[in-house]
Amino acid sequence: RVQPVLHLLLAYLLVTLGKDAALSAVEACAWSAHLPYCAELLLYLALERETLHQPIPHLSVLDVLAFLRPLPLFHTAVAGCARKVESKYWPKLFPPGTLPSRLLSECLPARPEVAASLLAIIQGNDGPSAAHQSGLPILQAALSGRSYPLCAELLSFLSRAHVPPPSFPLSSSAGFFI
């Protein structure tokens, strides 16, 4: 069982020694398969403290996003954190300029799995139509990468996130058929 403490170390380094020291720690742990999850936990820590109105100085959500942004695990961390928190906190995770749809497009075509994890967030923010539109390029990338299990999941999602047909108001002259 993994006991994640790296996110706490990164938080400490960011607050006390700055971004460069925290970046050195990330580079030293780049071999770890748990690093993206630790980045997600770091982001969640900052989000939780802000929502409890007990922010850690120099460790706001925006600070953590700025720290993670140049790292390859950025998209995975943001998507993972967003999937695990209530939608009312999404605006803090997606400040202006960091829209879920933009993050999704940055993941394609190389990482369709991460892009697919943003679909539920897009559906929650922008509705089924936007999720459906965003899902099609992911499906194409998954097909190109021969990621057939992901294709199956995407097809299932896309069939549930169907775009409802437009409703037309009935005029009073339409009458009734008996």
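Which hand does the crossing of α1 and α3 have? The crossing of these two helices is right-handed, a crossing being right-handed if the near helix is turned clockwise from the far one by less than a right angle and left-handed if anticlockwise. The model is predicted, with local features requiring pLDDT of at least 70 and side-chain atom pairs counted only at pLDDT 80 or more, while totals for chains, interfaces and linings use all residues. Residues are numbered from 1 along each chain as its sequence is written, and side-chain values use heavy atoms, with hydrogens and water left out.

Helices are DSSP runs (H or I, at least four residues) numbered from the N terminus. The axes of α1 and helix α3 (residues 35-51) come within 8 Å and cross at roughly 55°; axes are lines fitted to C-alpha atoms over the stretch in contact, and angles run from 0 to 180 degrees between N-to-C directions. That angle makes α1 oblique to α3, since angles under 35 degrees count as roughly parallel, over 145 as roughly antiparallel, 65 to 115 as roughly perpendicular and the rest as oblique. In this contact (heavy atoms within 4.5 Å), L6, H7, L8, L10, A11 and L14 of α1 meet L35, C38, L41, L42 and L45 of α3. The residues involved comprise 10 nonpolar, 1 polar and no charged, where Ala, Val, Leu, Ile, Met, Phe, Trp, Tyr, Cys and Pro count as nonpolar, Asp, Glu, Lys and Arg as charged, and the others, Gly among them, as polar.

Helix α1 (residues 6-16) also packs with helix α2 (residues 19-28), at an angle of about 155° and with the axes 7 Å apart. The two helices are therefore roughly antiparallel. From α1, the contact involves L10, L13 and L14, and from α2 it involves K19, A21, A22, A25 and V26. By class, this contact has 7 nonpolar, no polar and 1 charged residues.

A further helix pair is formed by α10 (residues 128-144) and α11, whose axes lie 9 Å apart at an angle of about 160°. α10 and α11 are therefore roughly antiparallel to each other, and their crossing is left-handed. On the α10 side, A131, H132, G135, L136, I138, L139, A142 and L143 take part, meeting Y148, L150, C151, L154, L155, F157 and L158 of α11. The contact of α10 with α11 has 13 nonpolar, 2 polar and no charged residues.

Helix α11 also contributes to the largest pocket, supplying the largest share of its lining, 4 residues. Both α8 (112-117) and α11 (148-160) provide at least two lining residues each. The lining consists of E113, A116, S117, L119, L150, E153, L154 and F157, which divide into 5 nonpolar, 1 polar and 2 charged. On a 1 Å grid over the protein atoms alone, a pocket is an open set of points where a 1.4 Å probe fits, with protein on both sides within 12 Å along at least five of seven lines, and lining residues have an atom within 4 Å of a point. The volume of the largest pocket is about 160 Å³, taken as the space filled by probe spheres set on the points, which are joined across faces, edges and corners.

Two backbone features occur in loops. L108 and P109 are joined by a cis peptide bond with omega of about 0°, and P109 is found in the loop between α7 (100-107) and α8. H58, although not a glycine, has a positive phi of about 65°; H58 is found in the loop between α3 and α4 (61-68).
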